[in-house]
Amino acid sequence: MKTRGFEIVSKYENAGLELPVRATKQAAGYDLSVAEKLVIQPGEIKLVSTGLKAYMQAGEVLYLYDRSSNPRKKGLILINSVGVIDGDYYNNPSNEGEIFAQMKNITESEVVLEKGERIVQAVFMPFLVADGDEETVKTTRTGGFGSTGH
Ligand SMILES: O=c1ccn([C@H]2C[C@H](O)[C@@H](COP(=O)(O)OP(=O)(O)OP(=O)(O)O)O2)c(=O)[nH]1
Ligand SMILES: [Mg+2]
């Protein structure tokens, strides 16, 4: 039975990517890696492809957290602080639900990210809803990064 997990998006199906794993027995996060080499210029913000999508149960969410080593070792920060990957982002018609890490180069030099380098950690969590939530009208997710409006 499939409960929650990661899959490789079709765009990268023949790219030899590996599914994420937890580095240690008690690690909360699955380390996500860079799907293809890219360069981030000083001060620039780029969406880093992970080549992955995540499926999960209703009432669950996947959070992307920065790696604590990124600012000092790579000169990069996860600029949106925490990435919220909604369950209904999976297989959306616009980008199949590919997870991106939105990274900013905080140095004065180019930062090179090699394919396979770990970039962010992803933690599955349950979430709660407020009273009256089932009465509100909700749209179907068709993409990410502003797809639901402004
Ligand atoms: O770091 C992130 C944050 C979000 N997403 C994807 C998954 C998420 O389900 C979707 C929407 O994210 P969010 O709701 O945070 O962005 P928004 O600006 O509100 O866009 P939308 O209008 O599409 O909800 O974008 C990522 O891939 N990486
Ligand atoms: Mg949103």
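Begin by selecting Lys11 and Glu36: their side chains meet in a salt bridge, 4.0 Å from N to O. A salt bridge here is a side-chain nitrogen of Lys or Arg within 4 Å of a carboxyl oxygen of Asp or Glu. The pair links distant parts of the chain, 25 residues apart: Lys11 sits in the loop between strand E1 (5-8) and E2, and Glu36 in the loop between E2 and strand E3 (38-40). Strands (E, at least two residues) and helices (H or I, at least four) are DSSP runs, numbered from the N terminus. Lys11 counts as exposed at 61% relative accessibility, while Glu36 is partly exposed at 40%. The classes are buried for under 20% relative accessible area, exposed for over 50%, and partly exposed in between, with a 1.4 Å probe and protein chains only.

Before going on, some notes on the model. This is a predicted model, in which local features need pLDDT of at least 70, side-chain atom pairs count only at pLDDT 80 or more, and totals for chains, interfaces and linings use all residues. Residues are numbered from 1 along each chain as its sequence is written, chains are lettered from A and ligands numbered from 1 in the order in which they are written, and side-chain values use heavy atoms, with hydrogens and water left out. The chain averages a pLDDT of 97, and 100% of the residues score at least 70; pLDDT is the predictor's confidence in each residue, from 0 to 100. For the complex, the predictor gives an ipTM of 0.98 and a pTM of 0.97.

**The salt-bridge network**

Next select Lys2, Glu7, Lys53 and Glu96, which are linked in a network of salt bridges. Side chains of opposite charge can pair when their charged atoms come close. Show the distance between Glu7 and Lys2: the closest N and O atoms of this salt bridge are 2.8 Å apart. Lys2 is exposed, with a relative accessible area of 53%.

Move to Glu96 and Lys53, another salt bridge, where the closest N and O atoms are 2.8 Å apart. Glu96 lies in the loop between E8 and E9 and Lys53 in strand E5 (residues 52-55), so the pair ties together parts that are 43 residues apart in sequence. Is Lys53 buried or exposed? At 7% relative accessibility, Lys53 counts as buried, whereas Glu96, at 22%, counts as partly exposed. In total, the count comes to 11 salt bridges.

Stay on Glu96 and check the backbone: phi is near 65°, a positive value in a residue other than glycine.

**The four-stranded sheet**

Switch to cartoon view and select E2, E11, E6 and E8. These 4 strands form an open sheet in the order E2-E11-E6-E8, with antiparallel pairing. Two strands pair if DSSP finds at least two bridges between them. Strand E2 (30-33) and E8 are the edge strands, each pairing on one side only. Neighbouring strands of this sheet are turned by 30° against each other on average, direction ignored. Axes are lines fitted to C-alpha atoms, for helices over the stretch in contact, and angles run from 0 to 180 degrees between N-to-C directions.

Go through the sheet pair by pair:

- E2 and strand E11 (residues 118-126) pair over 4 bridges; here Asp31 stands opposite Gln121 in E11.
- E6 and E11 pair over 7 bridges, and Asp66 stands opposite Val120 in E11.
- Strand E6 (residues 60-66) and E8 pair over 4 bridges; the bridge partner of Leu62 is Ile85 in E8.

**A surface patch**

Val84 lies in strand E8 (residues 82-85) and is partly exposed, with a relative accessible area of 47%.

Select Ser81, in the loop between strand E7 (76-78) and E8. Ser81 has a positive phi of about 70° although it is not a glycine, and is exposed at 55% relative accessible area.

Finish on the open sheet of 3 strands, ordered E4-E9-E7 with antiparallel pairing. Its edge strands are strand E4 (45-49) and E7, and the twist averages 40° from one strand to the next. E7 and E9 pair over 3 bridges, with Lys104 in E9 as the bridge partner of Ile77.
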